[in-house]
Amino acid sequence: MSDLHSNAEALRGVMSRVRRKKFDHIICLGDFVGYGAEPNQVLDTMRMLHGTKHYIRGNHDRVAAGQEAIGFNPAAAEAAIWTRSRLSAPNRRFLERLEVGPVRHDGVMLCHGSPHDEDEYVFTEFHAAQIFAEYDAPIILYGHTHLPVVFWIDEKRRVNGTLVRGETTFRLNPAQRYLINPGSVGQPRDRNPEASFAIFDSARMTVQFFRVPYDYVKTQNAIVKAGLPRQLADRLAFGT
Ligand SMILES: [Fe+2]
């Protein structure tokens with residue numbers, strides 16, 4: 001999963017959806033916090049999960065942990081600084097100690113934005129091609145754009161990409177390499193307000209994408225009540 005953005009209600013929906021599923025690793029590609037009003041609830045939940053965890057720092061986590069909000073729009077910067085003031089001491093420490101991508105586990109590379117830079121957005125096939133040329137990992141998992149996407153490079157070095165619509169299982173070809181974004185749990189931007197996440201099965205070579213409806217009005221009310229910028233609440237209804 002990726003880009004939880006302090007949205008406890010969306011995370012609760014994801015957790016109840018995966019409760020009966022089996023998996024070996026829990027991967028979070030960053031932006032646990034920022035934008036939303038429930039940073040401690042989200043971090044408490046993520047810290048307490050049982051199992052092998054691979055958690056990567058996102059740009060919002062970095063700023064909430066105390067670094068400067070360079071390149072942030074005013075609403076994002078305001079939310080990051082608000083988050084900083086509300087974090088419990090253990091959650092602040094957790095954010096400070098998050099691993100910075102890229103991190104490699106077996107054949108899978110994990111990063112927030114791109115392997116070059118946690119602030120870089122990967123939107124295009126052209127950009128994906130540059131990453132495929134520079135990194136040889138068969139699978140690169142990334143977040144940051146809040147869009148569920150799969151890019152691949154085939155044997156003839158052609159690069160393609162697709163925005164994943166709804167719930168679907170993507171079959172991976174072992175002869176190809178992939179850049180995969182599970183979408184955002186807490187602030188989807190593909191005009192679908194439902195929380196997005198994915199399960200990668202390295203034995204079957206599949207990626208299953210999920211969408212989970214949740215009560216975003218509750219999340220919106222928490223944002224408004226906290227006095228955070230209204231636009232951060234409004235966008236949750238539209239998935240933008
Ligand atoms: Fe994000």
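Visitor: Where does threonine 206 lie?

Guide: Threonine 206 lies in strand S11, residues 206-212. This is a predicted model, in which local features need pLDDT of at least 70 and side-chain atom pairs count only at pLDDT 80 or more, while totals for chains, interfaces and linings use all residues. Residues are numbered from 1 along each chain as its sequence is written, and side-chain values use heavy atoms, with hydrogens and water left out. Strands (E, at least two residues) and helices (H or I, at least four) are DSSP runs, numbered from the N terminus.

Threonine 206 has a relative accessibility of 10% and therefore counts as buried; the cut-offs are under 20% for buried and over 50% for exposed, with partly exposed in between (1.4 Å probe, protein chains only). With residues up to four places away in sequence set aside, threonine 206 touches Thr169, Phe170, Arg171, Ile199, Phe200 and Asp201. Contact here means heavy atoms within 4.5 Å.

Two of these partners, Ile199 and Phe200, lead on to the largest pocket. The volume of that pocket is about 1,000 Å³. It is lined by 39 residues, and the closest to its centre are Phe23, His25, Ile27, Ile199 and Phe200. Strand S11 is among the elements that give two or more residues to this lining, together with helix H1 (8-18), strand S1 (25-28), strand S4 (108-110), strand S5 (139-141), strand S9 (177-182) and strand S10 (195-201). The largest share of the lining, 5 residues, comes from S10. By class, the lining has 23 nonpolar, 10 polar and 6 charged residues. Ala, Val, Leu, Ile, Met, Phe, Trp, Tyr, Cys and Pro count as nonpolar, Asp, Glu, Lys and Arg as charged, and the others, Gly among them, as polar.

Pockets and cavities are found on a 1 Å grid over the protein atoms alone: in a cavity a 1.4 Å probe fits but cannot get out, a pocket is an open set of points with protein on both sides within 12 Å along at least five of seven lines, and lining residues have an atom within 4 Å of a point. Points are joined across faces, edges and corners, and a volume is the space filled by probe spheres set on them.

The search finds 1 cavity of 30 Å³ or more in the whole structure. The largest cavity holds about 50 Å³ of space. His5, Ser6, Asn7, Tyr35, Gly36, Gly186, Gln187, Thr219, Ile223, Leu232 and Leu236 line it. Helix H7 (216-225) and helix H8 (230-238) are the elements that give two or more residues to this lining. Its residues divide into 4 nonpolar, 7 polar and no charged.

Beyond its neighbours within four places in sequence, alanine 80 is in contact with Val63, Ala64 and Phe72. Valine 63 is 17 residues from alanine 80 in sequence, yet the two lie 6.2 Å apart in space, C-alpha to C-alpha.
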